[in-house]
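Welcome, and thanks for taking a look at this one with us. Here is a short briefing to read beside the structure.

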Amino acid sequence: MQVIIVENKKQVAEKAFEIIKDTIQSKANPVLGLATGSTPIELYQRMIQANEAKEVSFKDVSSYNLDEYVGLNKDHPQSYAYFMRENLFNHIDINQENTHLPQGDVADLQAECDRYDSLVKSMPADIQVLGIGSNGHIAFNEPGSSFESTTHIIKLTKQTREDNARFFDKAEDVPTHAITMGIATILVAKKIILMATSTSKADAIQQMIEGNVDTDCPATVLQNHPDVIVIVDKEAASKLG
Ligand code: F6R
């Protein structure tokens, strides 16, 4: 695991962008694994800016996302599909047919999990972007999730629902379940960049880097992946020894 500590959020985004740009420019048909949440927003803004400046093109890029809320369709403003269009896809030259998210509003959720898992494994990401939950989750693999897990439905913990309530009008509107790539599915990526900012992530970052590999902190599994770059600001790194 390579750990890069920078001053602030902007520099976290810039570092991540540089790595993504290098990959996009060195592959004919690059595949990006993408995340939602607050952490990657500045990265996505940087990608948009670079695309507008013709510094980088996404026209040959395919993408898949980590997760989606169960019960929300792709046009629901709090769905991750909507988030991705608003924060990235609508503003860059990517072919939106090549962008993939799990569908949270289907009748047969297990069939959707299986479909999505096969899709991801058929096109392993050249780079997977990850954030981290304050409880150490990656995607929505909450503490206790098996390291062998494939794409599955998960009941969100109280803490994750509270953390994400800021995006909803009312706390009770936060869905109770999500469809998430499993830990084994995430690890098929060739390279992983995990970004974290602010003191609210300091414990999780300390545990992920210095703790034992244990399902109590799902992100510790990244110690087993051969190519992981952790990019953190000073606050998120504040508990590292
Ligand atoms: C999002 C995701 C989550 C977030 C994590 C951190 O697709 O899978 O694991 O990366 O909850 O969220 P933020 O960035 O909002 O702190």
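Which oxygen atom lies 2.6 Å from a polar side-chain atom of Lys-201? That oxygen belongs to the ligand. Please keep in mind that this is a predicted model. With the ligand in place, the protein buries 93% of the 400 Å² that the ligand exposes when taken alone.

**Where the ligand sits**
- The ligand is found in the largest pocket.
- There are 14 residues around the ligand, and those that come nearest are Thr-39, Asp-67, His-137, Ala-139 and Lys-201.
- Sorted by class, the shell around the ligand holds seven polar, four nonpolar and three charged residues.

- Thr-36 takes part through its side chain, where an N or O atom is 2.8 Å from an oxygen atom of the ligand.
- Ser-38 uses its backbone instead, with an N or O atom lying 2.8 Å from an oxygen atom of the ligand.
- Lys-201 contributes a polar side-chain atom, 2.6 Å from a ligand oxygen.

**Salt bridges**
- Side chains of opposite charge can pair when their charged atoms come close.
- The count of salt bridges in this model comes to 16.
- One of them joins Glu-112 and Arg-115, whose closest N and O atoms are 2.8 Å apart.
- Another links Asp-75 with Lys-74, and here the closest N and O atoms are 3.9 Å apart, with 4 Å as the cut-off for a salt bridge.

**Exposure of the Asp-75 and Lys-74 pair**
- Asp-75 has a relative accessible area of 46%, so this residue is classed as partly exposed.
- Lys-74 counts as exposed because its relative accessibility is 51%, and exposed means over 50%.

Methods. Residues are numbered from 1 along each chain as its sequence is written. This is a predicted model: local features need pLDDT of at least 70, side-chain atom pairs count only at pLDDT 80 or more; totals for chains, interfaces and linings use all residues. Side-chain values use heavy atoms; hydrogens and water are left out. A residue is near a molecule or strand if one of its heavy atoms lies within 4 Å of it. A polar contact is a pair of N or O atoms within 3.5 Å; within protein, one must be able to donate a hydrogen and the other to accept it, and residues adjacent in sequence count only if both atoms are side-chain atoms. Accessible areas come from the Shrake-Rupley method with a 1.4 Å probe; for residues, only the protein chains shown count as cover. On a 1 Å grid over the protein atoms alone, a cavity is a set of points where a 1.4 Å probe fits but cannot get out, and a pocket is an open set with protein on both sides within 12 Å along at least five of seven lines; lining residues have an atom within 4 Å of a point. A molecule sits in a cavity or pocket if more than half of its atoms lie within 2 Å of its grid points. Ala, Val, Leu, Ile, Met, Phe, Trp, Tyr, Cys and Pro count as nonpolar, Asp, Glu, Lys and Arg as charged, and the others, Gly among them, as polar. A salt bridge is a side-chain nitrogen of Lys or Arg within 4 Å of a carboxyl oxygen of Asp or Glu. Buried means under 20% relative accessible area, exposed over 50%, partly exposed in between (1.4 Å probe, protein chains only).
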